[in-house]
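Please look through the sequence and the model shown here, and then follow the report below, which goes from the whole chain to single residues.

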Amino acid sequence: MKPIAPPVVEARPSPGDGRAAARGRGVAATWLVTALVVLSFEVVILALWAPVVAPTWEGSSWRRASFLLGATAWVAASGWLLRSYRAAPRRERSGGVPWPAGRTVPVVAAGAASALLLAATGMLLVAGAVVAQTVVLLKESVGARRRVCLGLTVALGLLCLVDVSLGLRPTPLPAGATPATVYAVLLPSTSAFALWWWDIVEELDHARAAAGRLAATQERLRLANDVHDLQGHHLQVIALQLELAERLLARDPAAALDQVRAARSSVDDAREGTRDLATRFRGVPLADELANAADLLRAAGIRVELSVAHQAGQAPTDVLGPIIRETTTNVLKHGGGGWASLTLRRSAHDWTFTARNDVADPGGGEPREATGNGLRGIGERVRAVGGHVEVSSDHDRFEVSATVPGAGAGRQDDDRGGDR
């Protein structure tokens with residue numbers, strides 16, 4: 001059999017963009033960027049201050065060592081606090097939360113870093129920036145952080161004036177220290193803004209999750225109401241029919257028997273109606289089923305080509321839906337993880353679903369056997385409706401094709417379908 005080349009996938013958004021897995025990765029990436037921005041502020045400030053205070057290190061190696069040790073401790077303590085910030089529960093606007101024991105160590109480390117940088121630079125502004133940054137990174141409500149940030153910025157400005165005016169430095173402040181001074185004074189504001197942005201993303205993610213739970217609850221309530229209406233109607237009818245049968249039993253047994261049969265028929269109607277209602281509630285359009293399968297494979301890092309015929313909603317969902325789910329599971333369990341192709345096409349009287357994928361061992365070995373409980377189940381399901389299944393494999397690809405009859409399959413000229 002001629003090998004089938006891996007499909008070329010166009011760079012387009014996947015169907016169902018924004019599903020849970022993608023959202024989870026997006027939120028994690030947003031937090032990573034936020035943490036890197038905050039830590040980058042600190043690294044930039046240290047890089048700007050190092051050449052400014054370097055002249056004071058001549059003949060004093062302990063100052064240089066104190067600066068390096070203090071800088072390392074500051075960045076490490078901030079990274080620890082950022083990790084604790086994300087892990088902490090969202091604070092209620094009206095109250096506080098107990099002090100987590102896990103924050104004691106980074107706070108002590110930040111205090112030590114402040115003392116070391118003060119000894120290395122002789123500047124209160126640098127040491128104060130470490131303390132201010134540590135305070136900002138502690139989990140606080142938005143209003144409290146705004147007030148604290150404003151106070152810390154004013155305090156750092158005053159420390160800068162103290163350094164310059166009162167001559168606490170051993171040498172006058174060089175002109176090149178202006179950018180470093182500005183960055184140090186604005187450090188609480190920039191870090192608070194980054195954390196505020198993260199809080200917004202976190203709130204939006206929680207709101208999305210809450211909206212999903214609310215939608216599921218509303219759907220369950222709708223189903224409960226439909227079941228109540230359906231069963232209530234049929235039970236009322238059955239009760240009346242049985243009551244009538246009871247009254248007729250003494251004087252007209254034949255009529256009473258007819259009412260009992262009518263009640264039994266009502267029971268069958270209720271059961272059929274309940275089954276139809278459950279089917280409508282659980283049913284997923286076939287195009288959505290295929291889109292979900294493609295999204296699942298893409299989330300696993302597999303390149304996917306998805307081609308769906310027009311009017312796919314007319315295909316027999318009850319037969320093809322389980323087949324799509326089973327073949328998707330097979331691709332995840334037994335595929336090579338490189339590429340996959342899902343295709344739904346129609347001919348004059350049939351619908352054909354085909355799943356292709358690479359195999360786990362493309363370099364050699366025996367082709368994968370076309371057996372297994374899943375494939376046997378697919379074959380039984382398809383043959384039960386008068387269709388047929390074809391399974392083929394070689395060293396670099398595996399293919400399952402299921403053809404089932406369907407009333408929605410009509411015109412031959414629509415066989416090309418539509419790529420999605």
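In the protein chain, residues 24 or more positions apart account for 79% of the contacts with a separation of 6 or more, where contact means heavy atoms within 4.5 Å. The chain holds ten helices and six strands; helices (H or I, at least four residues) and strands (E, at least two) are DSSP runs, numbered from the N terminus. Of its 420 residues, 36% count as buried, a word that stands for under 20% relative accessible area, while exposed stands for over 50% and partly exposed for values in between (1.4 Å probe, protein chains only).

This is a predicted model, in which local features need pLDDT of at least 70 and side-chain atom pairs count only at pLDDT 80 or more, whereas totals for chains, interfaces and linings use all residues. Residues are numbered from 1 along each chain as its sequence is written, and side-chain values use heavy atoms, with hydrogens and water left out.

**Two helices side by side**

Helix α8 (residues 286-299) and helix α9 (residues 317-334) have axes that come within 10 Å and cross at roughly 5°. Such axes are lines fitted to C-alpha atoms, for helices over the stretch in contact, and the angles run from 0 to 180 degrees between N-to-C directions. The crossing angle makes α8 roughly parallel to α9, since angles under 35 degrees count as roughly parallel, over 145 as roughly antiparallel, 65 to 115 as roughly perpendicular and the rest as oblique. Among the residues that make the contact are Leu286 and Leu290 of α8 and Ile324 and Arg325 of α9. The residues of this contact divide into nine nonpolar, three polar and two charged, where Ala, Val, Leu, Ile, Met, Phe, Trp, Tyr, Cys and Pro count as nonpolar, Asp, Glu, Lys and Arg as charged, and the others, Gly among them, as polar.

**A strand with two partners**

Strand β5 (residues 398-405) has seven of its eight residues buried, so it is largely enclosed by the rest of the structure.

| Partner of β5 | Bridges | Direction | Residues standing opposite |
|---|---|---|---|
| β3 (residues 350-359) | eight bridges | antiparallel | Asp350 and Pro405 |
| β4 (residues 388-393) | six bridges | antiparallel | Ser392 and Glu399 |

**Aromatic rings**

A pair of aromatic rings is described by the distance of the centres and the angle of the planes. Rings of Phe, Tyr and Trp (its six-membered ring) pair if their centres lie within 6.5 Å, and planes under 30 degrees apart count as stacked, over 60 as edge-to-face and the rest as tilted. By this rule the count comes to three aromatic pairs. The rings of Trp31 and Tyr85 have centres 6.3 Å apart and planes at 0°, so this pair is stacked. The pair links distant parts of the chain, with Trp31 in helix α1 (residues 20-53) and Tyr85 in helix α2, 54 residues apart. Both Trp31 and Tyr85 are buried, and together with Trp198 they form one aromatic cluster.

**Two single residues**

Ala71 is found in helix α2 (residues 61-87) and is buried, with a relative accessible area of 11%. Leaving aside its neighbours within four places in sequence, Ala71 is in contact with Leu46 and Leu117. Val107, which lies in helix α3 (residues 104-121), is partly exposed, with a relative accessible area of 28%. Val107 and Leu81 are 26 residues apart in sequence, and their C-alpha atoms are 8.1 Å apart in space.

Methods:
Pairing = 2+ DSSP bridges.
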